[in-house]
Number of protein chains: 4
Amino acid sequence: MNDKNKFGFLDRTLKNLRNAWKGIAAAEYNESAASMQPDLPKIDAERLLEQMHACLETRGGEVSARARAAALGRAYLALNDVGKIRFLQVLAENFGVDHRAVDEAIHALRQTTEPVSRSIAEQNLRKTLEAPRIKLLIQFNALPEGVKFLVDMRADLLGLARDDKTLKGLEHDLKGLLVTWFDVDFLELRRISWDSSSANILEKLIAYEAVHAIESWDDLKNRLDSDRRCFAYFHPRMPEEPLIFVEVALVAEMSSNVQSLLDESAPLMDPASANTAIFYSISNAQKGLAGISFGNFLIKRVVTSLSNEFKELKTFATLSPLPGFKSWLYKRLEVGDKALLNASDRKALQLVDGKSGGAKGKLKAFLEDATCLESPEASEALQGILTRLAAHYLVQEKRGEGELRALDPVAHFHLSNGARIQRLNWKGDSSAKGFEQSVGLMVNYIYKLHHLESNHEAYTSSGKVAISSSLRSLM
Amino acid sequence: MNDKNKFGFLDRTLKNLRNAWKGIAAAEYNESAASMQPDLPKIDAERLLEQMHACLETRGGEVSARARAAALGRAYLALNDVGKIRFLQVLAENFGVDHRAVDEAIHALRQTTEPVSRSIAEQNLRKTLEAPRIKLLIQFNALPEGVKFLVDMRADLLGLARDDKTLKGLEHDLKGLLVTWFDVDFLELRRISWDSSSANILEKLIAYEAVHAIESWDDLKNRLDSDRRCFAYFHPRMPEEPLIFVEVALVAEMSSNVQSLLDESAPLMDPASANTAIFYSISNAQKGLAGISFGNFLIKRVVTSLSNEFKELKTFATLSPLPGFKSWLYKRLEVGDKALLNASDRKALQLVDGKSGGAKGKLKAFLEDATCLESPEASEALQGILTRLAAHYLVQEKRGEGELRALDPVAHFHLSNGARIQRLNWKGDSSAKGFEQSVGLMVNYIYKLHHLESNHEAYTSSGKVAISSSLRSLM
Amino acid sequence: MNDKNKFGFLDRTLKNLRNAWKGIAAAEYNESAASMQPDLPKIDAERLLEQMHACLETRGGEVSARARAAALGRAYLALNDVGKIRFLQVLAENFGVDHRAVDEAIHALRQTTEPVSRSIAEQNLRKTLEAPRIKLLIQFNALPEGVKFLVDMRADLLGLARDDKTLKGLEHDLKGLLVTWFDVDFLELRRISWDSSSANILEKLIAYEAVHAIESWDDLKNRLDSDRRCFAYFHPRMPEEPLIFVEVALVAEMSSNVQSLLDESAPLMDPASANTAIFYSISNAQKGLAGISFGNFLIKRVVTSLSNEFKELKTFATLSPLPGFKSWLYKRLEVGDKALLNASDRKALQLVDGKSGGAKGKLKAFLEDATCLESPEASEALQGILTRLAAHYLVQEKRGEGELRALDPVAHFHLSNGARIQRLNWKGDSSAKGFEQSVGLMVNYIYKLHHLESNHEAYTSSGKVAISSSLRSLM
Amino acid sequence: MNDKNKFGFLDRTLKNLRNAWKGIAAAEYNESAASMQPDLPKIDAERLLEQMHACLETRGGEVSARARAAALGRAYLALNDVGKIRFLQVLAENFGVDHRAVDEAIHALRQTTEPVSRSIAEQNLRKTLEAPRIKLLIQFNALPEGVKFLVDMRADLLGLARDDKTLKGLEHDLKGLLVTWFDVDFLELRRISWDSSSANILEKLIAYEAVHAIESWDDLKNRLDSDRRCFAYFHPRMPEEPLIFVEVALVAEMSSNVQSLLDESAPLMDPASANTAIFYSISNAQKGLAGISFGNFLIKRVVTSLSNEFKELKTFATLSPLPGFKSWLYKRLEVGDKALLNASDRKALQLVDGKSGGAKGKLKAFLEDATCLESPEASEALQGILTRLAAHYLVQEKRGEGELRALDPVAHFHLSNGARIQRLNWKGDSSAKGFEQSVGLMVNYIYKLHHLESNHEAYTSSGKVAISSSLRSLM
């Protein structure tokens with residue numbers, strides 16, 4: 001999608017919003033709001049503040065207040081980055097928690113002596129701790145695409161305003177609201193397909209795919225062919241916006257290479273005879289929902305759904321990257337970790353031609369040169385060493401001293417879901433990105449429904465990682 | 001709907017729920033939950049408590065915790081009233097706010113000296129004030145009809161446990177959750193019609209209609225004919241359950257009598273030529289949403305929708321009861337309010353035959369005897385007196401000393417929406433209920449879009465009631 | 001449905017049609033057509049003829065011709081019975097086959113000597129044999145509910161005009177058109193249910209049910225409960241009109257009594273554990289489709305659909321009436337068929353009290369007195385005799401000398417579908433109609449997918465009837 | 001779409017068909033049919049013939065016969081071109097009209113003396129003239145995509161078998177069936193959009209667009225933007241297959257150049273303010289429906305639909321090619337038509353540099369050299385001459401001596417719809433194809449609803465062409 005198209009998309013969204021407002025937001029609010037300058041100069045900021053007060057006081061009744069809020073929302077969309085920050089600051093600074101009210105409620109609480117009045121005092125205190133801006137955020141829901149508006153506003157907050165402490169508080173309030181509204185059981189699991197999904201939704205897959213970029217509509221079509229499945233979660237009020245989606249290949253044995261999976265000229269598989277489902281890509285689609293996770297639910301619901309549709313499926317596995325492996329290894333080499341390479345590693349490295357230096361030096365040189373894998377000799381030596389180190393990295397390395405969470409983020413995701421590390425695949429990803437992240441290694445995590453709970457418990461309570469016997473023998 | 005059907009309905013609901021659980025909730029949870037006795041004896045209550053702890057700790061991961069919660073929800077539905085109270089008590093008593101944590105957070109808050117740490121301390125305090133049971137309530141959303149489950153659980157709390165103070169706190173938490181989930185802009189306005197709505201939904205109109213009972217399927221069909229409209233709000237996760245609905249007649253002039261409106265043998269009107277829309281019935285359908293109001297939004301959206309569909313519509317009015325009029329009048333007569341009747345009233349009453357006693361005595365006697373309206377003489381005398389008193393009642397009587405809210409609840413609803421009292425209709429409702437509530441009087445409230453805001457403001461800020469000139473001349 | 005409602009229904013249909021025409025049919029055509037008198041006097045009939053000519057010549061182009069035809073269709077709907085007959089006569093008499101053209105085409109055909117020109121001549125001849133009125137009939141499809149219009153026009157033709165030979169030809173042409181348009185593979189099988197079907201469709205089930213009348217909405221709801229299924233065929237252009245529907249009960253053993261099946265107070269069955277599906281009612285809904293049959297396809301598709309949904313189902317059977325049994329028996333008794341009763345029958349009858357006369361006389365008397373079944377003694381005697389005679393009637397009696405088709409129409413339907421006669425049920429239908437048709441006897445036909453073809457072939461080629469061993473032993 | 005994709009598409013279609021058959025067609029039929037060789041050798045052709053006989057005799061009942069026919073249809077799809085021709089020949093040669101039966105029916109007809117028996121004799125004769133293969137064709141409708149199957153079979157017949165006279169008869173029968181099934185009032189008009197249409201349908205627009213090729217998904221998206229509309233007709237049994245579609249641009253004035261219309265970087269128009277709708281492309285999508293026309297209905301319905309949606313639209317016009325102009329002009333020049341160029345034309349041509357020869361020679365040279373339009377001088381001279389000749393070509397040139405139909409096929413289509421020739425646009429299409437067909441000229445036809453009928457009548461009855469005053473002044 002070129003830039004022209006991107007803006008076309010934005011234009012269209014704006015236009016849709018505008019059309020939908022007609023007859024909902026009273027015209028005068030819109031007019032007033034529409035006249036604001038893109039960078040929201042002081043005079044406009046003051047009018048904005050006044051309008052926000054009117055919303056909060058529900059002047060003219062609740063219906064009017066919502067119409068007014070919708071008009072403000074529209075104005076927000078028309079601002080530039082400077083204007084947006086100012087808008088958010090007006091909202092954050094003027095409608096925060098009233099500290100005096102909090103202090104009074106605390107005072108009242110401390111006077112209570114018996115349980116019932118204590119409970120009431122606590123309820124009152126809790127109310128004072130809810131910033132009035134939350135009510136305003138809710139009122140933006142009056143926009144035709146109000147939920148998407150708030151999700152995108154949070155994306156703005158996370159992006160534009162990382163270090164602004166007042167905005168931080170607003171972002172915290174907005175996240176709280178979205179957590180409640182995006183409860184996983186409100187979401188709808190929908191299959192995405194070439195035959196039933198609109199181009200509008202499919203285009204978003206192309207835009208949002210975060211693991212293995214979709215190169216073209218032909219590539220996309222291939223990923224939606226009859227031996228593939230793609231599922232996404234949707235919110236009922238954002239029916240055209242996938243929240244998270246997963247791409248699955250139905251195959252005859254556990255995949256070890258992602259390029260083969262994505263090869264458009266590969267023959268079609270009869271899905272009814274497939275015994276393995278490979279989850280080869282999971283992408284979050286909404287920046288504004290960062291930290292609000294549905295991935296574990298998605299995978300398990302898709303496993304259930306596929307089990308029902310295809311009776312022959314026995315194995316559910318991923319084909320996943322190790323995004324942090326190479327940079328971890330690099331750091332280890334930098335700090336001169338003695339235990340990293342054993343004697344046979346060193347010997348193997350020394351026997352390989354093509355790079356000078358000692359074992360470590362050679363290893364570092366290879367890590368910087370993607371062509372090394374093309375030499376059978378170098379590749380063979382590296383395979384043994386790197387596969388073992390990758391196993392160690394996945395299983396042993398934690399996010400920090402005393403932490404239980406795996407250092408690798410993808411590993412942590414699947415392990416906390418209760419999956420098991422099944423197999424490491426040398427030359428699993430021959431793309432530049434694959435070499436960049438993990439020297440081309442990929443890993444299969446396996447989802448066995450009956451082991452998920454106990455694996456999860458072992459991992460979350462003691463950091464224990466479930467691994468296959470082949471992984472164990474590697475280490 | 002006879003009792004058999006009611007229970008059939010329940011049975012079916014239960015069965016649907018059960019079917020939907022299959023494959024979602026792990027079998028073992030269901031089994032354990034299913035074995036509880038209907039009145040939840042102590043031993044079961046203890047197992048329940050243990051299961052609730054497991055849910056809150058998300059043992060086995062979030063997916064498992066949700067499945068477990070769903071099983072508990074199913075168990076709840078199978079309990080009798082005693083068992084339900086016990087279930088709710090277990091939930092209320094064991095998962096309330098941790099007072100010690102609150103005290104500690106207050107202590108920490110009081111140590112802060114600068115704004116940012118104060119804000120963080122407030123956020124922390126707020127968190128301690130959220131009872132853990134709220135998380136459990138949210139987990140029940142995993143039930144296939146989880147939202148309906150929680151709405152009905154709140155109806156149970158409001159019904160079974162009015163005076164139980166612990167349950168009160170739970171009810172308060174649940175209401176807070178439902179307020180957020182039932183934000184009006186999540187709701188879908190749908191037209192209900194004979195041609196497009198399922199019998200399942202139509203049957204609920206019959207069950208939930210609260211103003212003018214629907215006598216039969218023929219009566220219902222008549223209310224959905226081509227010169228009628230019925231609209232309801234729905235929640236996306238309760239697609240078969242109207243939340244609130246309004247019935248509208250498209251007519252040639254403002255209606256003054258509800259029996260004429262509901263007459264099945266009346267000729268059809270061509271809706272395209274109607275100039276007036278009469279809102280003759282608005283009913284809330286969900287007890288569990290008491291206190292969470294959508295009525296004002298519903299009326300205004302329906303006005304907008306009808307305006308778009310029928311270009312000839314000029315007047316949007318209600319035909320409404322005065323539910324508190326007669327009991328208010330009675331009380332006034334009891335306490336011997338001197339100002340109630342003026343000289344000409346007294347004279348008029350004395351001239352009417354059929355009851356003995358003084359003016360007040362006669363009036364009280366007439367209020368107890370519905371046949372009085374059949375005598376032209378008595379009816380004429382009463383019309384003058386009662387219409388004037390009703391006007392006074394609607395416009396002047398407030399809920400209490402110094403209050404701005406109208407005493408009559410229906411009046412309060414429409415006035416706070418910004419409507420105007422337009423006309424009082426003598427013999428507007430000849431049913432027994434009509435006589436019982438208001439000696440057969442009905443009132444038209446008028447909705448003029450351009451006056452709604454100012455009327456609302458005048459009413460809510462100073463209690464001023466918008467009335468027509470004919471009403472004014474009555475008083 | 002009372003008369004008022006019936007007409008309301010008609011009114012609404014008319015109004016819908018009228019609304020839909022707007023903007024489709026040019027206003028002037030409508031006006032001209034609308035001004036016709038209900039009984040279509042001569043002057044209007046002449047205008048009609050002129051308009052029909054304009055349609056056929058596609059004056060103003062095809063789009064205009066269709067609009068014109070739609071206006072004529074609307075005019076038809078507004079006529080009374082006399083007017084309709086005249087309308088149909090105008091159509092039948094003026095737009096039949098052109099005999100001269102036929103003779104010329106025959107002449108040309110007879111001149112041909114070689115195959116190719118013969119084929120072309122045949123094509124030409126065939127064209128001359130297609131009456132121009134067929135084109136006009138097709139143009140009525142421009143009505144918003146054009147297909148339903150034509151179906152109903154055929155119902156009119158079959159009803160109003162049974163003995164009119166010109167109309168007969170028109171009816172024949174219309175049937176030919178409907179046969180092509182109602183090809184079974186254009187039809188959609190839809191499940192009808194309380195939760196998903198509109199009241200408008202459900203109301204039609206009540207109106208069209210031809211076997212066991214639906215008494216009320218409660219009765220209907222019971223027939224659509226979770227242990228019941230109802231399926232209907234629909235045409236894509238008549239989406240609100242079932243063409244034929246079947247009602248099925250999911251039960252634990254083959255039903256022998258229809259009142260038990262329809263008992264609203266009977267407990268619900270868990271459909272997942274049912275082993276038998278009973279087809280207890282099949283009704284054609286459109287008179288205008290008489291002679292165009294889908295029943296065999298419907299049953300087999302429903303069997304397939306139910307097999308997929310409920311894995312435990314093993315038996316698919318009907319519970320059917322023997323509509324012609326009693327009248328056949330009566331005739332046999334009238335003509336004094338000696339072979340009808342054997343010695344033990346006579347003896348059994350003589351032993352029963354309550355009626356005077358010989359064996360035959362007693363039997364006739366019992367057939368006229370529904371209370372006879374209440375006496376255990378009489379009932380027992382009659383059971384033996386009538387069950388045997390019914391078996392003979394179903395299996396041996398044919399529609400005429402040398403015919404292969406069973407005399408009983410229901411038997412013929414199921415036997416030609418390949419079903420087997422499985423069991424006769426004494427006191428299977430205790431309704432008045434049940435006694436009137438068959439002294440309360442009902443029959444189970446069984447559908448075994450693997451025997452349908454051979455049973456069908458045996459029956460259609462040699463009249464051989466498939467029966468169970470119990471039936472065989474009866475005879 | 002590359003070849004790989006094409007076959008992928010076919011594969012998928014086949015697979016879908018196969019899946020749908022499961023449980024419909026009895027397994028044995030499929031097996032037998034599936035075993036046929038791709039080129040249908042004699043032994044297989046004999047088995048095929050036998051199966052066709054079984055279908056026609058409805059052996060095993062109608063349901064079985066349909067299943068058998070579906071299996072034959074599947075076999076057909078798996079054949080190569082040689083096999084398909086043989087399959088079609090078996091069908092055409094063995095199931096044609098029975099000439100003897102025809103002769104007998106003619107004989108019987110000639111014996112009749114009075115009207116009623118004549119009518120019956122005609123009906124009988126007509127029946128003998130319907131080839132039995134028509135019944136077989138109808139049975140193929142049992143395929144899950146049976147209608148599409150028959151449409152494609154006709155495309156095969158038109159393509160593979162142009163000169164085979166037996167197949168010609170089969171094609172004629174099939175066309176007759178499709179004419180009845182594709183009655184325009186069975187078709188559904190659907191809007192095609194980026195937001196609501198599946199990629200599967202959109203991909204077909206790319207494949208079927210016949211006027212201005214769609215270059216990419218970006219080009220397509222631009223043609224579906226908010227200031228564009230695309231509508232297509234669909235058959236209810238081919239819901240994924242557009243039959244014919246039209247692309248419309250909403251603009252501020254009548255377009256004169258197609259490249260501007262298709263420019264992806266052009267700014268978006270607010271459709272609500274557009275006053276003109278330009279129909280710039282109409283494409284038939286199904287080869288198998290050749291000769292069955294919906295174009296006139298499509299345009300008029302789209303005009304109506306757009307009028308309702310956009311109140312500001314005043315002008316409905318096309319921007320159309322003159323596909324036969326250049327070849328006509330060439331021929332005129334070849335035959336030395338003296339009247340073609342007048343004196344001032346000759347003079348103008350002589351003054352232009354760049355080509356040698358006389359006026360005619362120069363003109364021919366220019367017609368062969370697309371760069372000539374780049375020279376302002378040549379372009380100006382050519383504009384005057386060619387525009388006038390094009391006007392003459394459109395208005396005066398007929399398909400033949402004494403014919404009323406315009407020589408240009410696009411002109412004939414719009415003129416017979418009742419449109420008017422409004423304007424000729426010099427440099428209206430700068431593509432290679434545009435120069436090839438008409439030296440870059442394009443024409444606007446205008447649709448005025450109130451003139452369509454009279455224009456149509458004048459054109460079809462006397463060949464009179466409606467033209468604007470500017471066109472008139474050109475000539």
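A salt bridge is taken here as a side-chain nitrogen of Lys or Arg within 4 Å of a carboxyl oxygen of Asp or Glu. By this rule, eight salt bridges cross the interface of chain B and chain A, and the count over all chains comes to 100. The structure is a predicted model, in which local features need pLDDT of at least 70 and side-chain atom pairs count only at pLDDT 80 or more, whereas totals for chains, interfaces and linings use all residues. Residues are numbered from 1 along each chain as its sequence is written, chains are lettered from A and ligands numbered from 1 in the order in which they are written, and side-chain values use heavy atoms, with hydrogens and water left out.

Contact (heavy atoms within 4.5 Å) links 52 residues of chain B with 52 residues of chain A. The buried area, that is, the accessible area (1.4 Å probe) that two parts lose on being put together, summed over both, is about 4300 Å² between these chains, and carbon and sulfur atoms give 58% of this area. B:Arg126, B:Asp185 and B:Phe186 supply 15% of the area that chain B buries against chain A, more than any other three residues.

B:Arg126 also forms a salt bridge with A:Asp173, with 3.7 Å between the closest N and O atoms. Polar contacts are pairs of N or O atoms within 3.5 Å; within protein, one atom must be able to donate a hydrogen and the other to accept it, and residues adjacent in sequence count only if both atoms are side-chain atoms. Between chain B and chain A, 26 residue pairs are in polar contact, both residues being at pLDDT 80 or more. Helices are DSSP runs (H or I, at least four residues) numbered from the N terminus; α10(B) gives the most to the side of chain B that touches chain A, with seven residues. The residues of this side comprise 19 nonpolar, 15 polar and 18 charged, where Ala, Val, Leu, Ile, Met, Phe, Trp, Tyr, Cys and Pro count as nonpolar, Asp, Glu, Lys and Arg as charged, and the others, Gly among them, as polar.

Helix packing was described with axes fitted as lines to C-alpha atoms, for helices over the stretch in contact, and with angles from 0 to 180 degrees between N-to-C directions. The axes of α4 (residues 62–77) of chain A and α14(B) come within 9 Å and cross at roughly 70 degrees. These helices are therefore roughly perpendicular to each other, the class for angles of 65 to 115 degrees. Here A:Glu62, A:Val63 and A:Arg66 meet B:Asn296, B:Phe297 and B:Lys300; the contact has two nonpolar, one polar and three charged residues.

A salt bridge also joins C:Asp173 and D:Arg126, whose closest N and O atoms are 3.8 Å apart. C:Asp173 lies in α10 of chain C and D:Arg126 in α7 of chain D, so the pair joins two chains. By contrast, no contact joins chain A and chain C, whose closest C-alpha atoms lie 13 Å apart. Chain B and chain D likewise do not touch, with 13 Å between their nearest C-alpha atoms.

Notes: Angles under 35 degrees count as roughly parallel, over 145 as roughly antiparallel, 65 to 115 as roughly perpendicular and the rest as oblique.
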